[in-house]
Amino acid sequence: MTGGDWLDVLFPQNAERTVPWPPVGEVVTLWRPTGLHELRLVAASGWRAWPPRLPDQPIFYPVLNRPYAEEIARDWNARRNTPPVGFVTEFGVRADVVTRYAIQVVGAQDRHQELWVPAEELEAFNAAIVGPIRVVAHFAGSDFTGRIDPVTHLPLD
């Protein structure tokens, strides 16, 4: 396979890549794998908001389950970020806002589910966050030289 052929195999043009929302309560819990730089920006917001997207980041993509967030933090952030560390965050969003976004399936249908929030809608999405954004896990790559509290999962440096 060459070029984009592999993507066509994974996601043929006629494939269904969204699934309907199951019944939810007033608040939906989401997770986001993130690197140290973004985590520091979230901390600077008082743990209340995600930072604006960069010009080359047209969407903000929280995920719908913790195992998927851990997979990304461990297998991507902790291996490819500088510094090589990934964090898993958890946060609640009002259901009336979050369910406006289709659940996107980007791999295994029952596991690899995320939301695609356009960058221009992130401010309104942030306004619907209920409570603080919490760090619930971290994964450090073999070359990571920083220190992370094993209980809070927050950087100590």
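Which residues do ring pairs link into a cluster?

Mentor: In this predicted model, ring pairs join W50, F60, F91, Y101 and F125 into a cluster. The structure holds five aromatic pairs. One of them is formed by W50 and F60, a tilted pair with 5.4 Å from centre to centre and 40° between the planes. This pair links distant parts of the chain, as W50 lies in the loop between helix 2 and strand 3 while F60 belongs to strand 3, ten residues apart. W50 is buried because its relative accessible area is 3%, below the 20% cut-off. F60 is likewise buried, with a relative accessible area of 0%.

Another pair brings together Y101 and F125: the ring centres are 6.2 Å apart and the planes stand at 70°, so the arrangement is edge-to-face. Here too, distant parts of the chain are linked, with Y101 in the loop between helix 4 and strand 5 and F125 in helix 5, 24 residues apart. Y101 counts as buried at 11% relative accessibility, and F125 is buried at 0%.

The charged end of R32 sits over the ring of W50, 5.7 Å from the ring centre. The charged end of R32 also sits over the ring of Y61, 4.9 Å from that centre. Both R32 and Y61 are among the residues closest to the centre of the largest pocket, which 34 residues line. Helix 3 gives the most to the lining, with six residues.

Key:
Residues numbered from 1 in each chain as written. Predicted model: local features only at pLDDT ≥ 70, side-chain atom pairs only at ≥ 80, totals over all residues. Heavy atoms only, no water. 1 Å grid on protein atoms, 1.4 Å probe; cavity = no way out; pocket = protein on both sides within 12 Å on 5 of 7 lines; lining within 4 Å. Helix = DSSP H or I, 4+ residues; strand = E, 2+ residues; numbered from the N terminus. Phe/Tyr/Trp six-rings, centres within 6.5 Å; stacked < 30°, edge-to-face > 60°. Buried < 20%, exposed > 50% of the residue type's maximum accessible area, 1.4 Å probe, protein only. Lys NZ or Arg CZ within 6 Å of the ring centre and 35° of its normal.
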